[in-house]
Amino acid sequence: MKEELFASGRNIPNIDPTLNIWHWQIPSYLFLGGLAAGILFFAGVFTIMGKEEQMSATVKKAPLVAPFALILGLFLLFLDLKHKLWFWQLYTTIRLESPMGWGAWVLMIMTPISMVWSASYLTELIPGWDWKFKFLKTFESWVIRNRVLIAWPMVIYAVILGIYTGILLSAFNARPLWNTSILGPLFLVSGMSTGAAVILLVSKNHEERKIIGRIDLLLIVVELFFITHLFMGDKAGSEAQINAVNLFLGGSFTAPFFAFVVILGLLFPAILEIMELRGFKVPIAVPAILILLGGFIFRFLIVEAGQITRYLY
Amino acid sequence: MRYAMAIDTRKCVGCSDCVVACQTENDVPNGFCRDWVKEVVDGTYPNVSIELRSERCNHCANSPCVRCCPTGASHFEEGGIVLVEHNKCIGCGACIESCPYEARYSHPDGYVDKCTFCIHRVRQGNDPACVSVCPTRCMYFGDLEDPNSKLVNVLKNRKFKSLAPEAGTQPQIFYLL
């Protein structure tokens, strides 16, 4: 038996409550960032493929959500800061070693791109929309002419943004649950899946929903594989990693993780989507909303659980 | 120059004087601390062993906190001392998450705070506050590159360990066994 006590006046059972520094803001931001990355990725890809008209909700309507998600996400990041008035120093330094540093820069590039992209479709989507100023109209027509040119960096940055939401956590060697390179791809795939769910909610075109539904199904399968992979890798790891993954395999996070993320957030919507593709009448909002909830709870649990895990000494 | 510390776990009685000295010297806000004493009990009665460790920032040579800081507020000073520049810190918490030793905390004023090896005392040629008050004299502070220092001498003659060296941080606090 090994027991650790704090002999001095630091009332902490291993981790001081003040050291569990990240709360609801961070997982919410990771969710919004991944969701925006997913939406913009699909919008860019289908534009490059020249399918703006067949996939009109993907390319035109759903991206309207992205700038709001990113701005809300940035606001949540700001809320998380404890020394708020000094936040601007994120943008006076370039530190490539710091994932948070380059993540802040990626957001700084992605947010304006998402704004320009959605703004360029406002005239088409909203009848009677008028930009009023001539330079705005000139800019709009330039964007409309160069959509494919904008789509390329948008797709690339969407992938970086989606992966970054995982790397932000996986770069912390001190938290064994996070410290695995599969977390980046896992968060990317999960983010794309939540993005696809938003498109499913927005789209009214049956053919488009079928295509996005199929893609989403594939993403869910890949995500389940990555989750298994994460657990297997940790199970075969050091004692610190085994303790970390046991939180999800018998420990206190098992029930919420398997109930809300694996079953309600992944398996159940996958079954509903298969039924929909087979011709059964399923209201598409049900799997889409479940995927969104599952994605949110997934990030919440990973962030919370990761902060409990630690090196043993 | 490479500042480091050796702490004798066999001499330490766990009185927490080092903790109080640090809080007083560095004006640490109420309810927080930059160093703390851990008591590790191993085994079951009557076969028990006990280890007392006064812990603090390890001033790692390969510091994850310095690496992950997005603004460069966490940085190295002379002798490898890891410091936080308060006016550069945005309080994002990345360094707190990155530290395997849980040595950092969020100061009520917003910035992140931790042990400084009492750099203000060291620059004047004094020992850090915790070392200077220790009633059992179980702590040794000094320069690892100075072959005549007491620190190098005690590390030469005793067995010692550092905490979680497998984290790859190259911690600079050594516990004499």
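Visitor: Which residue of S2(B) stands opposite Lys2(A)?

Guide: Strands of a sheet pair through backbone hydrogen bonds, either parallel or antiparallel. In this predicted model, Lys2(A) stands opposite Asp42(B) of S2(B). Glu3(A) faces Val41(B) in that strand. These pairs belong to the antiparallel pairing of S1(A) with S2(B), which runs over 5 bridges.

Visitor: What does S2(B) pair with inside chain B, and in which sense?

Guide: S2(B) pairs with S3(B) in the antiparallel sense, over 9 bridges. Asp42(B), the residue opposite Lys2(A), also has Ser49(B) of S3(B) opposite it. S2(B) and S3(B) form a hairpin, with 2 residues between them.

Visitor: What kind of peptide bond joins Tyr45(B) and Pro46(B)?

Guide: That bond is cis, with omega at about 5°. Pro46(B) lies in the loop between S2 and S3 of chain B.

Visitor: How many helices and strands does chain A have?

Guide: Chain A has 12 helices and 1 strand.

Visitor: What are the spans of its C-alpha trace along the principal axes, and what share of its residues is buried?

Guide: The C-alpha trace of chain A spans about 70 × 55 × 25 Å along those axes. Buried residues make up 46% of its 313 residues. Among the contacts in chain A with a separation of 6 or more, 74% join residues 24 or more positions apart.

Visitor: Turning to chain B, in what order do the strands of its open sheet of 4 strands lie?

Guide: In a regular strand the side chains alternate between the two faces of the sheet. The order in this open sheet of chain B is S8-S1-S10-S9, and the pairing is mixed. Its edge strands are S8 (139-143) and S9 (160-161), each of which pairs on one side only. Strand S1 (residues 3-8) of chain B pairs with S8(B) in the antiparallel sense over 5 bridges. Within that region, Tyr3(B) has Asp143(B) of S8(B) as its bridge partner.

Visitor: Which helix lies across these strands, and at what angle to S8(B)?

Guide: Helix H6 (residues 150-157) of chain B lies across S1, S8, S9 and S10 of that chain, and runs at about 115° to S8(B).

Visitor: Which residues of H1(B) are buried, and why are they on the same side of the helix?

Guide: In H1 (residues 17-25) of chain B, the buried residues are Cys18(B), Val19(B) and Cys22(B). They cover an arc of only 100° around the axis, and therefore lie on the same side of H1(B). The buried residues of H1(B) pack against strand S2 (36-44), strand S3 (47-55) and helix H5 (129-133) of chain B. H1(B) is followed by Asp27(B), whose phi is positive, near 55°.

Visitor: Where is Cys118(B) placed, and is Cys118(B) buried or exposed?

Guide: Cys118(B) has a positive phi of about 45° although it is not a glycine. Its place is in the loop between strand S7 (112-113) and helix H4 (119-122) of chain B. Cys118(B) counts as buried because it has 23 C-beta neighbours inside 10 Å.

Visitor: And where is Ala164(B)?

Guide: Ala164(B) is in the loop between S9 and S10 of chain B. Ala164(B) is not a glycine either, yet its phi is positive, about 45°. With 18 C-beta neighbours inside 10 Å, Ala164(B) counts as partly exposed.

Notes
Residues are numbered from 1 along each chain as its sequence is written. Chains are lettered from A and ligands numbered from 1 in the order in which they are written. This is a predicted model: local features need pLDDT of at least 70, side-chain atom pairs count only at pLDDT 80 or more; totals for chains, interfaces and linings use all residues. A residue is buried if 20 or more other C-beta atoms lie within 10 Å of its own, exposed if 12 or fewer, and partly exposed in between; C-beta atoms are placed from the backbone. The arc is that of the directions from the helix axis to the C-beta atoms. Two residues are in contact if their C-beta atoms, placed from the backbone, lie within 7 Å. Two strands pair if DSSP finds at least two bridges between them. Axes are lines fitted to C-alpha atoms, for helices over the stretch in contact, and angles run from 0 to 180 degrees between N-to-C directions.
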